[in-house]
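What follows is a report on one chain, written for a reader who wants each geometric term given with its cut-offs. Please look over the sequence and the model before reading on.

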Amino acid sequence: MLIIGIGNILEKDDGVGVYASTYLQRNFKFSPNIEIINGGVEGIHLLNRLEEHKEILLLDAIKIEDNPSSIYLIPAKELGDRGLNVGGAHEIGVLESLSILELQGKPIPDVTLLGIVPEDVSFEIDLSGTLKRGFDRYIGVALEFLDRKGTRVFKKNVIELDEIIREFRRL
């Protein structure tokens with residue numbers, strides 16, 4: 001399985017997927033081993049990675065009319081255009097990349113989006129207080145999903161979310 005953190009850390013809550021993938025990578029070990037990558041805003045540049053895996057979990061902010069920090073676990077084929085990072089007029093996002101695989105006649109991985117509704121998508125490297133308060137629940141849903149898929153989870157570190165955000169600010 002592959003976990004991809006999607007989002008733009010320069011746009012506050014839009015970066016939640018990147019922070020979540022980093023948090024999982026730094027704080028847990030998985031059996032069987034899971035590959036975790038920071039997909040950022042790479043979109044079509046992830047095409048080869050999508051081809052290499054049968055199952056993918058995308059971590060991202062999601063456009064749904066609901067309270068900020070509401071969490072949704074949605075199969076990608078049911079998603080449509082709700083993700084914040086599905087692409088726009090000048091870019092091809094991860095979901096469009098799945099369509100490219102289909103057009104090429106290649107196998108489509110089983111992709112699930114773990115989305116969280118953002119509160120603030122403004123120019124700042126941080127998360128809103130609402131998403132920070134909901135972050136542990138978001139990670140908990142990711143770990144439950146992995147458990148249902150037969151993955152064992154082992155805690156290895158305790159690196160707090162705020163430390164991860166500070167590290168991204170220093171980059």
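Both tyrosine 23 and phenylalanine 28 are buried, where buried means under 20% relative accessible area, exposed means over 50% and partly exposed lies in between, with a 1.4 Å probe and protein chains only. The model is a predicted one, in which local features need pLDDT of at least 70 and side-chain atom pairs count only at pLDDT 80 or more, while totals for chains, interfaces and linings use all residues. Residues are numbered from 1 along each chain as its sequence is written, and side-chain values use heavy atoms, with hydrogens and water left out.

**Overall composition**

The secondary structure of the chain comes to five helices and nine strands, these being DSSP runs numbered from the N terminus, with helices (H or I) of at least four residues and strands (E) of at least two. Read from the N terminus, the order of elements is β-α-β-β-α-β-β-β-β-α-β-α-β-α. Of the 171 residues of the chain, 50% count as buried. Among the contacts in the chain with a separation of 6 or more, 77% come from residues 24 or more positions apart, a contact being heavy atoms within 4.5 Å.

**Aromatic pairs**

A pair of aromatic rings is described by the distance of the centres and the angle of the planes. The structure holds four aromatic pairs; rings of Phe, Tyr and Trp (its six-membered ring) pair if their centres lie within 6.5 Å, and planes under 30 degrees apart count as stacked, over 60 as edge-to-face and the rest as tilted. One of the pairs, tyrosine 19 with phenylalanine 168, is edge-to-face, with 5.5 Å from centre to centre and 75° between the planes. This pair links distant parts of the chain, since tyrosine 19 belongs to helix α1 and phenylalanine 168 to helix α5 (residues 161-170), 149 residues apart. Tyrosine 19 is buried, and so is phenylalanine 168. Tyrosine 23 and phenylalanine 28 form a tilted pair, at 6.4 Å centre to centre and 55° between the planes. Ring pairs also link Tyr23, Phe28, Phe30 and Phe135 into a cluster.

**Packing of α1 against α4**

The axes of α1 and helix α4 (residues 129-148) come within 11 Å and cross at roughly 55°; axes here are lines fitted to C-alpha atoms, for helices over the stretch in contact, and angles run from 0 to 180 degrees between N-to-C directions. The two helices α1 and α4 are therefore oblique to each other, given that angles under 35 degrees count as roughly parallel, over 145 as roughly antiparallel, 65 to 115 as roughly perpendicular and the rest as oblique. On the α1 side Val16, Tyr19, Ala20, Tyr23 and Leu24 meet residues of α4 that include Leu131, Phe135, Tyr138 and Ile139.

Asparagine 27 is found in helix α1, and at 0% relative accessibility asparagine 27 counts as buried. Its side chain reaches the backbone nitrogen of isoleucine 159 at 2.6 Å. Not counting residues up to four places away in sequence, asparagine 27 touches Phe154, Lys155, Lys156, Asn157, Val158 and Ile159.

Valine 153, in strand β9 (residues 152-155), is partly exposed with a relative accessible area of 30%. The C-alpha atoms of valine 153 and phenylalanine 28 are separated by 6.6 Å, although the two are 125 residues apart along the chain. With residues up to four places away in sequence set aside, valine 153 touches Phe28, Lys29, Phe30 and Leu143.

**Backbone exceptions and the loops**

Most residues other than glycine have a negative phi, and most peptide bonds are trans.

| Residue | Phi | Loop | Relative accessible area |
|---|---|---|---|
| Serine 69 | about 80° | between β4 (55-61) and β5 (71-75) | 11% |

A cis peptide bond, with omega about 0°, joins serine 31 and proline 32, and proline 32 lies in the loop between β2 (28-31) and β3 (35-40).

Serine 70 is found in the loop between β4 and β5 and is buried, with a relative accessible area of 16%. The side chain of serine 70 reaches the backbone oxygen of asparagine 67 at 2.7 Å. Leaving aside neighbours within four places in sequence, serine 70 is in contact with Gly115, Ile116 and Val117.

Conventions. Polar contact = N/O pair within 3.5 Å; in protein donor to acceptor, adjacent residues only side chain to side chain.
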